[in-house]
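Let's take a walk through this fold together. Have the sequence and the coordinates ready, and follow along residue by residue.

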Amino acid sequence: MAGEPQGGCLFCKVVAGTIPATIVRETETTVAFRDINPQAPTHVLVIPKVHYENAGALAVGAPDVLADVLRETQAVADEEKLDSYRTVFNTGAGAGQTVFHVHAHVLGGRGLQWPPG
């Protein structure tokens, strides 16, 4: 069920503390940790502690938590001293989503070209 921890979800396990992660920030509703396959000098994932498959589902089911996720992307950028950065939500396998627990990528520390990939 949306919002409930999913036993097979990698990010639910990070939230539960059963899978290690390099956590950079944690709030009541979010966890931010370094990506294990960074695509930029700074590559941090910000996830809600509740399980929703993607940003759209989170926006419908818990819009206040989606706002918390976005607020934390800014907090991560501030702590990492990023003058500019990119926030990315991938939705669906065709867009590169590999873990189906909504997460925002905070990317910075180098020039980020447009269009991406």
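The tour starts with the sheet, goes on to the helix against it, and ends with the salt bridges.

A word on conventions before we set off: this is a predicted model, in which local features need pLDDT of at least 70 and side-chain atom pairs count only at pLDDT 80 or more, while totals for chains, interfaces and linings use all residues. Residues are numbered from 1 along each chain as its sequence is written, and side-chain values use heavy atoms, with hydrogens and water left out.

Helices (H or I, at least four residues) and strands (E, at least two) are DSSP runs, numbered from the N terminus. Two strands count as paired if DSSP finds at least two bridges between them. In general, the strands of a sheet pair through backbone hydrogen bonds, either parallel or antiparallel.

Now look at strand 3, residues 42-48, which pairs with strand 5, residues 104-108, in the antiparallel sense over 5 bridges. Within this pairing, histidine 43 has leucine 107 as its bridge partner, and leucine 45 has histidine 105. Strand 2 also pairs with strand 3 in the antiparallel sense, over 5 bridges, and there alanine 32 stands opposite valine 46.

How many residues of strand 3 are buried? The count is 7 of its 7, where buried means under 20% relative accessible area, exposed over 50% and partly exposed in between (1.4 Å probe, protein chains only). In a regular strand, side chains alternate between the two faces of the sheet. Here Thr42, Val44, Val46 and Pro48 point one way, while His43, Leu45 and Ile47 point the other way, and all are buried.

The last stop is the charged side chains. The structure holds 5 salt bridges, each a side-chain nitrogen of Lys or Arg within 4 Å of a carboxyl oxygen of Asp or Glu. In one of them, glutamate 72 meets arginine 25 at 2.5 Å, N to O. Glutamate 72 lies in helix 3 (residues 63-79) and arginine 25 in strand 1 (residues 23-26), so this pair ties together parts 47 residues apart in sequence. Glutamate 72 is buried at 8% relative accessible area, whereas arginine 25 is partly exposed at 22%.

Arginine 25 also forms a salt bridge with glutamate 79, at 2.6 Å, N to O. This pair again links helix 3 with strand 1, 54 residues apart, and glutamate 79 is partly exposed at 44%.

Finally, arginine 34 and glutamate 80 meet in a salt bridge at 2.7 Å, N to O. Arginine 34 belongs to strand 2 (residues 30-34) and glutamate 80 to the loop between helix 3 and strand 4 (85-88), so the pair ties together parts 46 residues apart in sequence. Arginine 34 is partly exposed at 31%, and glutamate 80 is partly exposed at 24%.
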